[in-house]
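Subject: A structure for you to explore

Hi there,

Here is the structure I promised you. Have a look around first, and then read my notes below.

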Amino acid sequence: MTQKKKDNLTKVMDYLKYEDPFSKGVAFCPGCGLELLLRFIPQVMGNDIVITGTPSCSAPVLLGQNNQSWHKLSYFGTLMTGAAANATGLARYYRKAGIKNTVVCFNGDGTAADIGFGNLSGAAERNEPFIYICYDNEGYMNTGIQKSGTTPFGATTTTTPFGSASKGKNLRRMNLALKMAMHKIPYAATATLSDLDDLAKKLLKAKEAKKRGFAFLHVFAPCTTGWGFAPENTIEICRRAVKTNYFPLWEAENGKIRMTKTVKKPKPVSTYTELIKKFAHLSEEDLQILQDDVDYEYCMLGGLSLLEGECRLPASLED
Amino acid sequence: MSSNKYFKHEGPWSDSNDPLMCSDTGDWRTKRPVVDKDKCIFCGFCAIYCPIQVMEMVEESCFSPDLDFCKGCGICAKECPKNAISMMPEGDFKK
């Protein structure tokens with residue numbers, strides 16, 4: 001009986017090889033996607049990582065309070081304008097000192113897509129050997145839910161409220177992961193929390209790719225407080241984001257894009273937005289704009305992944 | 001007492017010999033997950049999706065939450081494929 005039950009155990013458990021370095025009672029909201037991601041990373045990649053990060057929801061926990069800490073990892077807190085530049089310095093120091101570890105630059109989408117994008121792009125262009133993980137909660141959630149570059153069309157935030165003068169964000173979101181893949185770095189990927197085996201594989205691939213240079217991971221992590229949904233729906237929202245192609249899962253090695261999960265019959269984006277309060281006011285036309293944007297991005301990705309096979313690549317890039 | 005055994009280089013402001021900070025997050029809970037041991041098929045989805053990672057294996061046949069730290073978000077009950085976890089109001093358990 002026990003053995004039969006044990007066969008049911010999900011394969012994700014095999015990836016969790018290391019101890020969870022975080023203390024149990026950590027000050028994140030109930031149902032926070034970021035907390036699951038933060039605990040998952042060191043359990044998969046090992047505890048010999050140094051995290052650098054910026055002021056964000058992750059910082060109070062990662063940085064610690066007063067002279068005590070919430071976890072056993074090493075953390076280096078930096079400014080939002082220089083996140084990737086600081087990680088560059090750390091990675092170079094460890095390489096020169098001969099210390100073998102992994103530098104993980106762990107930032108929100110505000111740093112990665114808006115404020116710190118300049119030096120993120122620079123570090124990618126110089127091919128610095130560290131891993132940059134962006135957890136995307138589509139806004140500046142820690143400072144009071146302001147909009148960022150990755151906030152989708154129509155979403156209400158405190159700077160793009162719904163009212164007589166404004167109907168939510170009036171521009172479509174940028175695709176940060178695709179921008180980073182266009183840097184032709186050794187590894188760029190998107191992942192989300194509903195597919196943890198996929199996320200674990202990508203984390204391990206990023207750790208492997210770090211030996212060749214820059215690795216970028218874009219992880220979709222919903223925010224219960226900022227988006228307005230019940231805390232138990234965090235994983236369901238990630239799953240629906242994948243099933244509606246709102247957040248397609250793909251990876252790019254040296255700029256070669258490959259879909260890691262294809263949805264045969266994608267559902268309309270309304271099945272995703274219906275769970276979330278920040279989309280509650282969307283009219284039919286607004287939903288259509290959002291749907292067109294999702295279709296456009298997916299078509300672009302699909303086209304790029306097909307093109308790679310049809311065009312002839314330089315011999316040095318082929319495996 | 002925890003010690004920093006993973007990485008030897010610590011910052012000058014931190015003392016790795018101090019015990020880790022730990023909030024009493026079990027206090028936040030309004031609903032408590034209750035696991036039905038007969039329905040549990042030991043798939044482990046509750047354990048991997050729990051943001052706080054408090055679901056513990058009990059004798060390798062069932063999972064059970066650590067109620068000292070469970071924040072009561074309800075992800076385990078939502079993700080359970082057999083609906084073996086139900087969220088009961090915390091008031092029912094208080095004396």
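Which element of chain B has the lowest mean pLDDT, and which has the highest? Strand β2 of chain B has the lowest, at 86, while strand β4 (residues 85-89) of chain B has the highest, at 94. I start there because this is a predicted model, and pLDDT is the predictor's confidence in each residue. Over the whole of chain B the mean pLDDT is 81, and 79% of the residues reach 70 or more. Please take care with residues 1-9 of chain B, where the pLDDT is below 50. In the model, that stretch has 18 contacts beyond near neighbours in sequence. For the complex, the predictor gives an ipTM of 0.88 and a pTM of 0.91.

Now to chain A. You will find 13 helices and eight strands in it. Its C-alpha atoms fill a box of roughly 60 × 55 × 55 Å along the principal axes. A compact globule of 319 residues would have a radius of gyration near 20 Å, and chain A agrees with this because its own value is 19 Å. Buried residues account for 50% of the chain. If you take the contacts in chain A between residues at least 6 apart in sequence, 70% of them join residues at least 24 apart.

Ser283(A) is exposed because it has 10 other C-beta atoms within 10 Å, and the cut-off for exposed is 12 or fewer. Its C-alpha atom is 29 Å from that of Thr190(A), which is 93 residues away along the chain.

Next, two strands in chain B. Strands β2 (residues 55-58) and β3 of chain B pair in the antiparallel sense, over four bridges. Met55(B), for example, has Pro65(B) in β3(B) as its bridge partner. In a regular strand the side chains alternate between the two faces of the sheet. Strand β3 of chain B, residues 62-65, has Phe63(B) and Pro65(B) on its covered face, with Cys62(B) and Ser64(B) on the uncovered one.

How many residues does each chain bring to the contact between them? Chain B gives 40 residues and chain A gives 39. On the side of chain B, the elements that give two or more residues are α1 (45-49) and α2 (75-79). The largest share comes from α2(B), with four residues. By class, this side of chain B has 20 nonpolar, 11 polar and nine charged residues.

Last, find Ile52(B), in the loop between α1 and β2 of chain B. Is Ile52(B) buried or exposed? Ile52(B) counts as buried, because 26 C-beta neighbours lie inside 10 Å and the cut-off is 20 or more. Leaving out residues up to four places away in sequence, Ile52(B) touches Lys24(A) and Glu35(A) in chain A, and Phe69(B), Cys70(B) and Lys71(B) in chain B. The C-alpha atoms of Ile52(B) and Lys71(B) are 8.0 Å apart, with the two residues 19 places apart along the chain.

Enjoy exploring!

Best wishes

Technical notes: Residues numbered from 1 in each chain as written. Chains lettered and ligands numbered in written order. Predicted model: local features only at pLDDT ≥ 70, side-chain atom pairs only at ≥ 80, totals over all residues. Pairing = 2+ DSSP bridges. Contact = placed C-beta atoms within 7 Å. Nonpolar A, V, L, I, M, F, W, Y, C, P; charged D, E, K, R; others polar. Rg over C-alpha atoms; globule rule 2.2 N^0.38 Å. pLDDT = per-residue confidence, 0-100.
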